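Thanks for asking me to look this one over. My notes follow as numbered points, with the model itself placed ahead of them.

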Amino acid sequence: MSMIPKTFRTVLLAGAAATTGFVAMGTAPVAAHKQRAAEAPNIVQTAQSTGVHNTLVAAVTAADLAGTLSNPGPFTIFAPTDTAFAKLPDGTVSTLLKPENKGTLTNVLVYHAVSGSVTSDDLVRLINRHGGEATIETLAGQKLTARLSGEKIIITDAKGRATAVTTANVQTSNGIIHVTDGVFLPA
């Protein structure tokens with residue numbers, strides 16, 4: 001049986017180190033790389049511009065996470081679409097958006113965030129390296145499980161709900177967004 005790393009953080013840090021200025025220096029000056037990154041929209045601005053992440057943006061705003069997700073990061077965000085949020089039981093989203101449920105909402109949202117820039121290729125390599133299934137530690141301190149179904153990356157949350165990455169590797173100035181067709185629910 002293959003060993004799954006205790007945390008995904010070590011892999012993320014190694015991946016981030018491999019994709020930072022050290023690699024950029026070989027292909028373009030670091031200053032130009034940083035300037036291009038600064039000109040690109042951040043995670044929040046990108047989500048606001050899609051037209052399919054309105055519920056996610058409202059949730060990020062209600063949880064006061066817009067500032068955090070606008071910081072340099074980098075972060076990897078698994079971003080559910082409005083359709084994904086609509087699949088939740090009736091009343092779930094409206095209940096989470098109430099001020100008295102801010103803590104729960106924040107926990108749900110940070111369960112969709114990983115430290116570092118993790119591309120779909122990084123995920124596939126990790127899945128293959130660990131016998132078809134890899135554990136990812138989120139900023140919530142809880143785990144997600146990634147596997148492949150054909151060529152699709154499937155993420156399973158703590159409740160056993162499987163969600164597909166429908167659009168991968170949306171580059172932002174402070175990380176990567178992977179669009180998902182479901183919402184992760186923490187334990």
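1. Let me start with strand β7. Six of the six residues of β7 are buried, so this strand is largely enclosed by the rest of the structure. Buried here means under 20% relative accessible area, exposed means over 50%, and partly exposed lies in between (1.4 Å probe, protein chains only). Both faces of β7 are covered, with G175, I177 and V179 buried on one side and I176, H178 and T180 buried on the other.

2. Before going further, a word on the ground rules. This is a predicted model, in which local features need pLDDT of at least 70 and side-chain atom pairs count only at pLDDT 80 or more, while totals for chains, interfaces and linings use all residues. Residues are numbered from 1 along each chain as its sequence is written, and side-chain values use heavy atoms, with hydrogens and water left out.

3. Now the overall make-up. The protein has nine helices and seven strands; these are DSSP runs numbered from the N terminus, with helices (H or I) of at least four residues and strands (E) of at least two. Of the 187 residues, 39% are buried. Among contacts (heavy atoms within 4.5 Å) with a separation of 6 or more, 65% are between residues 24 or more positions apart.

4. The sheet gives β7 its setting. Seven strands form an open sheet in the order β2-β1-β7-β6-β5-β4-β3, with mixed pairing; two strands pair if DSSP finds at least two bridges between them. The edge strands are β2 and β3 (134-137), each pairing on one side only. As a reminder, strands of a sheet pair through backbone hydrogen bonds, either parallel or antiparallel.

5. Which strands does β7 pair with? β1 runs parallel to β7 and is joined to it by six bridges, while β6 (residues 162-172) pairs with β7 in the antiparallel sense over five bridges. A hairpin through two residues joins β6 to β7.

6. The pairing of β1 with β2 is antiparallel, over three bridges.

7. What packs around the sheet? The largest nonpolar core has 23 residues, and I77, L109 and V183 have the most contacts inside it. A nonpolar core is a set of buried Ala, Val, Leu, Ile, Met, Phe, Trp, Tyr and Cys residues joined through side-chain atoms within 4.5 Å. The elements giving two or more residues to this core are α4 (43-50), α5 (54-62), β1 (75-80), α6 (82-86), α8 and β7. A second, separate core of 15 residues includes Y111, I127, A134 and I155.

8. Y111 lies in the loop between α8 (102-110) and β2 (113-115), and F184 in the segment after β7 (175-180), so the pair ties together parts that are 73 residues apart in sequence. F78, Y111 and F184 form one aromatic cluster.

9. Is F184 buried or exposed? At 0% relative accessibility, F184 counts as buried. Leaving aside neighbours within four places in sequence, its contacts are F78, V108, Y111, H112, L144, I155, D157 and T163.

10. Finally, some backbone details to check. Most residues other than glycine have a negative phi, and most peptide bonds are trans. A cis peptide bond joins G73 and P74, with omega about 5°; P74 lies in the loop between α5 and β1. D64, found in the loop between α5 and β1, has a positive phi near 55° and is exposed, with a relative accessible area of 53%. N169, in strand β6, has a positive phi near 65° and is partly exposed at 28%.

Notes:
Rings of Phe, Tyr and Trp (its six-membered ring) pair if their centres lie within 6.5 Å; planes under 30 degrees apart count as stacked, over 60 as edge-to-face and the rest as tilted.
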